[in-house]
Amino acid sequence: MTRQPSEPDKPSRRILLKSITGASFLSALGAPIPFLGNLPTGLVPVALAQGTSSLSQQKPGLTVLNDRPVNMETPPHLLDDAVTPAARMFVRNNGLPPASVDAHSWNVRVDGEVETPLDLSIDDLKTQFETVSLQLQIECAGNGRRFMKPAARGNQWSFGAISCATWTGVRLRDVLDRAGLKENALYTAHYGADTHLSGDPAKHPISRGVPIAKAMEPHTLIAFAVNGDDMPPLNGHPLRLVTPGWPGSCSQKWLTRIEVRDQIHDGAKMTGQSYRVPRAPVHPGASVADEDMAIIESLPVKSLITAPQTGIRVSTGDTIEVRGHAWAGDLDVAALDISIDFGASWSPADLSAPTNKYAWQHWRSEIRLPEAGYYEIWARARDAEGHMQPPIPPGWNPRGYLNNMQHRIAVFAL
Ligand SMILES: Nc1nc2c(c(=O)[nH]1)N[C@H]1C(S)=C(S)[C@@H](COP(=O)(O)O)O[C@H]1N2
Ligand SMILES: [Mo]
């Protein structure tokens, strides 16, 4: 029998947390180990706790990394559902969400290199195009940045800037077909109704785009609902793009305009060092010239252990179910292995096929811990082209993107 971890407010849990966050514990184990960065909820630093109570109400249990702009990640054990509940979808804002939103008068403009520019209300989208519902992953390209050494500038995400919910909307492809792409159409440019932190109305907090081929991929959606309901205000209500498998930044929230361009889009956070990585590997800490950087496209293979929760206490010899999800950008996941001996040996878990392309895949396994003591459970996924998750952060890059290192949790066998 698996014993559930005690609640955070119970003394035993508090003591455990205190002891595993203590510097002495860290040094006793040598180098800091990854799972320690992935503590349960409720550990918001005091300075951040003020003013975040409404955020915590909207997203109970998420860890607030920043409140201006709002950035919140989901602890892995709260991502255990097959389909991520809307309240557990992480939040990554670059600016300030629109102050007021009226879904009935909302319009999205499609213009640029098209034969017929369009202005479409949400009702037009619902009535003039085929509605589709798909389970789609959205992951921030900076997920895992916290483990980069030396540290990289940006939100210090650990493992929880990932969601896979059921999005309902229309295919971007169908809308672009209606507008009619001109021959020179090369790239999209996305705009949203959020405002720049500086308050300057001429500045966009973020405006990214994708090559036409990705925009025409049938899983790239203009979505008006998530899990059968309005999407949370922080996740883009009433309309957003969902561009699965690519950096979350390609999934513009509060969507107001899609411009088709005859060049690679150069909007806010498309150029310089944003969402770009060195074309060739660089040494940790290197500075890299903008012209030596390339735009990130498909994200790498990755997985999460969503149960048990890290820090759990189990009885020696009990059978414990271990489970989670795995995903691999534009690819499928081919295999998921787990280790309970620090990677010395691995055994395959049962891995499900994706519900649809770009849905994360679920995996499960059963383990028994042979004797009392401290264990870690490690998980590693392999994609359909044979790429495996590395045990440590791969390919250091100036902004700390694409860290797909293995997720590890701690288990105490009593
Ligand atoms: N309008 C707008 N869209 C946006 C952003 C933003 O700041 N403004 N952030 C992007 C980034 S970087 C990510 S990772 C995803 C996160 O989506 P979520 O907040 O719904 O989880 O939204 C993207 N879309
Ligand atoms: Mo992101």
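1. **Ground rules.** This is a predicted model, in which local features need pLDDT of at least 70 and side-chain atom pairs count only at pLDDT 80 or more, while totals for chains, interfaces and linings use all residues. Residues are numbered from 1 along each chain as its sequence is written, chains are lettered from A and ligands numbered from 1 in the order in which they are written, and side-chain values use heavy atoms, with hydrogens and water left out.

2. **Make-up.** The protein has seven helices and 22 strands. Both are DSSP runs, numbered from the N terminus: helices are H or I with at least four residues, strands are E with at least two. Of the 414 residues, 54% are buried. Buried means under 20% relative accessible area, exposed over 50%, and partly exposed in between, with a 1.4 Å probe and protein chains only.

3. **Contacts and surface.** Take the contacts with a separation of 6 or more: 72% of them are between residues 24 or more positions apart. A contact here means heavy atoms within 4.5 Å. Areas come from the Shrake-Rupley method with a 1.4 Å probe; for residues, only the protein chains shown count as cover.

4. **Five-stranded sheet.** One open sheet has the order β15-β22-β21-β17-β18, with mixed pairing. Two strands pair if DSSP finds at least two bridges between them. β15 (312–314) and β18 each have a single partner strand, so one side of each lacks a neighbour in the sheet.

5. **Strand β17 within that sheet.** β17 covers residues 333–339, and six of its seven residues are buried. It runs antiparallel to β21 (residues 373–383), joined by six bridges. D337 sits opposite R380 of β21, and S339 has W378 as its bridge partner in that strand. Two antiparallel bridges link β17 to β18 (residues 347–348). There, I338 is bridged to S347.

6. **Four-stranded sheet.** A further open sheet is ordered β14-β16-β20-β19 and pairs antiparallel. β16 (residues 319–327) and β20 (residues 361–368) share eight antiparallel bridges. T319 has R368 as its bridge partner in β20.

7. **Strand β11.** β11 spans residues 255–261, with five of its seven residues buried. Its pairing with β4 (residues 107–112) is parallel, over four bridges. D111 stands opposite E259 of β11. Its pairing with β8 (residues 187–192) is antiparallel, over six bridges. T188 stands opposite V260 of β11.

8. **Ligand 1.** There are 17 residues around ligand 1, and F90, N94, D194, R240 and K253 come nearest. A residue counts as near if one of its heavy atoms lies within 4 Å. A polar backbone atom of N94 is 2.6 Å from a ligand oxygen atom. A side-chain N or O atom of N235 is 2.8 Å from an oxygen atom of the ligand. A polar side-chain atom of Q252 is 3.2 Å from a ligand nitrogen atom. The protein covers 99% of the 530 Å² of accessible area that ligand 1 has on its own.

9. **Largest nonpolar core.** This core has 30 residues; L125, V175, I222 and L239 touch the most other members. A nonpolar core is a set of buried Ala, Val, Leu, Ile, Met, Phe, Trp, Tyr and Cys residues joined through side-chain atoms within 4.5 Å. Elements giving two or more residues include β4, α5 (122–128), α6 (172–179), β9 (221–226) and β11. α6 gives the most, with four residues. Leaving out residues up to four places away in sequence, V175 touches V110, L118, L120, L125, F129, V170 and I222.

10. **Second core.** A separate core holds 22 residues, among them A326, A328, A349 and V411.

Technical notes
A polar contact is a pair of N or O atoms within 3.5 Å; within protein, one must be able to donate a hydrogen and the other to accept it, and residues adjacent in sequence count only if both atoms are side-chain atoms.
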